[in-house]
Amino acid sequence: MDPNGQTVRGFIDIFQNVYAISSDTKIVSKALELHLFPHLLAFANGIGYDIELAAYQNWYPDLTFISRTNPQIKFAVDLKTTYRDETYPDFCQGFTLGSHGEYFVNRTSSKNVQYPYDEYSGHFCLGIIYSRAVLNKTDETRVYSIKDLKSIPAVIKDFLFFAEEKWKIASDKGGSGNTANIGSIQKINDLLNGNGVFAKAGEELFDDYWANYGKIELLANGKRKKLSSFEEYLRYRGLPTDLNNPRALKRGAK
């Protein structure tokens, strides 16, 4: 894949009409995943692993790497794409890191997960960060001929790839609306270095925090509230608050 993002230009039909890719994040994400998949297959084959795709679209993870010599050894890999913040280029929009619902809490559950969570030796995120090109609506909706392929403007550019264990890049906030998804941090340098909220605390506390997120109730200013930050969790458990690593949460953080 071209790291500058110039190879993926659009979709082609049987009449050799080419439709430019919209900047819609879902379309961009799927195009990138399809473009990357042959490379992942070659990588897995080279290290003696098979890849199993999630049985359903909303199941975790996207890919299961299974050892050919010992099929009990499995690794969960989610493919995640996001774009840089145009105002704060050191930050991206972030992404979700899987559910903290049934299969995360009950590690032997088979609900919405390819294999029970505890059967995986590790949980990884393969991330792609890109910049969005500024295009006018005419460029995005125009139909091109196959001979004009190289003149079709690219809607994405400047790819940055990284791979990291998901607990190392997690935030302590949900990742999407009302769904039970774990959110990522958003500062790009911290994503690349695995410097998330739980980086100093470790995976065990990450697991316990998210298994109890929105469930444990605290007393604050004479009112009951649900636990919603790692700092609150540490105080509740009687653990040192310096295990919290909050600096990656806000844009403009030094």
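This passage looks at the aromatic rings of the structure and then at one of its sheets.

The model is predicted, so local features need pLDDT of at least 70 and side-chain atom pairs count only at pLDDT 80 or more, while totals for chains, interfaces and linings use all residues. Residues are numbered from 1 along each chain as its sequence is written, and side-chain values use heavy atoms, with hydrogens and water left out.

A pair of aromatic rings is described by the distance of the centres and the angle of the planes. Here, rings of Phe, Tyr and Trp (its six-membered ring) pair if their centres lie within 6.5 Å; planes under 30 degrees apart count as stacked, over 60 as edge-to-face and the rest as tilted. By this rule the count comes to 22 aromatic pairs. One of them joins phenylalanine 104 and tyrosine 117 edge-to-face, with 5.4 Å centre to centre and 70 degrees between the planes. This pair links distant parts of the chain, 13 residues apart: phenylalanine 104 belongs to helix α2 (residues 102-105), and tyrosine 117 to the loop between α2 and β7 (122-132). Helices (H or I, at least four residues) and strands (E, at least two) are DSSP runs, numbered from the N terminus. Both phenylalanine 104 and tyrosine 117 are buried, where buried means under 20% relative accessible area, exposed over 50% and partly exposed in between (1.4 Å probe, protein chains only).

A tilted pair is formed by phenylalanine 198 and phenylalanine 230, at 4.6 Å centre to centre and 55 degrees between the planes. It too links distant parts of the chain, with phenylalanine 198 in the loop between α4 (188-192) and α5 (203-211) and phenylalanine 230 in helix α6 (residues 230-237), 32 residues apart. Phenylalanine 198 is buried, with a relative accessible area of 0%. One aromatic cluster includes Phe104, Tyr117, Phe198 and Phe230, with Trp210 also among its members.

Charges meet rings as well. The charged end of arginine 107 sits over the ring of phenylalanine 104, 4.5 Å from its centre; a charge counts in this way if NZ of Lys or CZ of Arg is within 6 Å of the ring centre and within 35 degrees of the ring normal.

Turning to the sheet, 3 strands form an open, antiparallel arrangement in the order β1-β2-β8. Two strands pair if DSSP finds at least two bridges between them. β1 (10-12) and β8 (143-145) stand at the edges, each with a single partner strand, so one side of each has no neighbour in the sheet. Strand β2 (residues 17-20) pairs with β8 over 3 bridges, and valine 18 has tyrosine 144 in β8 as its bridge partner.
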